[in-house]
Amino acid sequence: MKTPPSTQRAPRTTRRLAVTLAVALVAIGMGATQVSAAPTPVKDTTARAIEPAGKVPGGFASWKDLLATQEKLVKAADRVTAAAKAQGGGGFAGVIAAPENHELRVYWKGDTPKRVGDLVGELRKDVPVSVLPAAYSASELRQEMSRLLRKSANVITSIAPKADGSGLAVSGADYNATRSGVADSTVAITVETGVKPALASRWDDSPPWWGGGAWRNASNGGGCSTGFAVTYGGASKILTAGHCGDVGQTATDPTGEVIGSFTQDNNSYDVALIGTSAGGRVFNNNPGSISPEFNNPVIGTFSSYVGLWVCTSGAYSGTNCSIQVQQVGVTINVGYLIYNTVRAEQSAHTNAVGQGDSGGSVEVINASNTSQVYAAGVNTAIDTSTAVPCTGYVTSGRTCAWRMYYAPWANATTAFPGIAITLG
């Protein structure tokens, strides 16, 4: 969503707050493994531990303990999904890697191939893994999703496969219209109403540009947040949301300093690249406040599965944590279709992201060093039906929400083959 920037500019030494995007687009998967070295920092690189607020789920003594279990489960899930892909998909339905369950749950339709069964046996030496029956395979659910969207996209606001392979989850503004639109589905359908994904969009950063900072589109006045530093085609760039601009348009910070121009843009996956000097760090601050601000080095990428706990860093909202993935592979309708997004919810129903945070970083805290983060994706949209008071920089009329959608790292690797995360 777009909101007018403040007329008072922040001092050059303090850094930004952001500009919003006027559609509720707010604005992982483990992607390419290649990385590049970050440019030599010329700014304060003070890093602090990122500490999610609130009670730790699952009976863990600390968030650090939960994150350590989460890392083990995600690494195991990556191996299972890779093995399933090598088998051509087959009966693979999905994975749930919620650490509060203290186990990895793999769902499969029909008999599990020997190769996958052997892998599960190996993984069980390190993490508990359950293989459970599924009514439908992931391939079957994707095919039915595509058919329903071709037929009834006008009444569907989002559609996603259920990770347990039990069917599809569909949302729409009107229950009867949505239910009618999917009445001929060949798979089981759950209909949810009131869900309204909408596009959503810190302040005075400087080169090398970091994630979580504010930028403005000099062509149309809209504003968003920066995501992660990357390299693509041998050049330094910064990742942001595709809906924030078009190729050739120029991005500036809120003081007017030029960041660079859009060099690549893919609206179907809501990812875009701005050509610029970029560093592998992300601005973060305590949830609910703008000061004190600090930043954290990026140490790699992270896959997104149902159950994953993430944090978001947006120029307006600052950093918010205790956000859990609820659905993956979600297609949302914001006037056009955006594919393979991730739906996540702030567990206490406080702000996850808001307008102005589009393109900002979605990150996973490193369990062994909580002052480091992995790149999970970039903010795409908020569900305006879950509006809550904003955190961070609060302006009149700005909308924030506890349910959000993000484009996982896998969307960047799909849209821009060969892209590599820049390490801090």
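Three strands form an open sheet here, ordered β2-β3-β4, with mixed pairing. Strands are DSSP runs of E of at least two residues, helices are runs of H or I of at least four residues, and both are numbered from the N terminus. Two strands pair if DSSP finds at least two bridges between them.

Before I go on, the ground rules. The model is predicted: local features need pLDDT of at least 70, side-chain atom pairs count only at pLDDT 80 or more, and totals for chains, interfaces and linings use all residues. Residues are numbered from 1 along each chain as its sequence is written, and side-chain values use heavy atoms, with hydrogens and water left out.

Strand β3, residues 104-108, runs parallel to β4 and is joined to it by five bridges.

Now the core. What is the size of the largest nonpolar core, and which residues touch the most other members? The core holds 37 residues, and Leu104, Leu308, Met404 and Tyr406 touch the most other members. Helix α1, residues 63-86, gives the largest share, seven residues. Another core lies apart from this one; it has 30 residues, among them Phe60, Val271, Ile365 and Trp409. A nonpolar core is a set of buried Ala, Val, Leu, Ile, Met, Phe, Trp, Tyr and Cys residues joined through side-chain atoms within 4.5 Å. Buried means under 20% relative accessible area, exposed over 50%, and partly exposed in between, with a 1.4 Å probe and protein chains only.

Take Leu104. Leaving aside neighbours within four places in sequence, the contacts of Leu104 include Leu73, Ala76, Ala77, Val80, Val95 and Val129. Contact here means heavy atoms within 4.5 Å.

Leu119 counts as buried because its relative accessibility is 10%. Beyond four places in sequence, Leu119 is in contact with Arg79, Val80 and Ala83. Leu119 and Val80 are 39 residues apart in sequence, and their C-alpha atoms are 7.4 Å apart in space.

Next, the antiparallel pairs. Strand β12, residues 229-232, is joined to β13, residues 235-240, by four bridges. Val230 has Lys237 in β13 as its bridge partner. The hairpin of β12 and β13 has two residues between the strands, and Gly233 takes a positive phi near 60° there. β13 also pairs with β16, residues 271-275, in the antiparallel sense over four bridges. On that side, Lys237 stands opposite Gly275.

There is one further sheet to mention. It is open, has three strands in the order β22-β26-β25, and its pairing is antiparallel. β22 (353-354) and β25 (387-388) are its edge strands, each pairing on one side only.

Last, aromatic pairs. Rings of Phe, Tyr and Trp (its six-membered ring) pair if their centres lie within 6.5 Å; planes under 30 degrees apart count as stacked, over 60 as edge-to-face, and the rest as tilted. That rule gives five aromatic pairs. One of them, Trp63 with Trp309, is edge-to-face, at 5.4 Å centre to centre and 80° between the planes. Trp63 and Trp309 are both buried.
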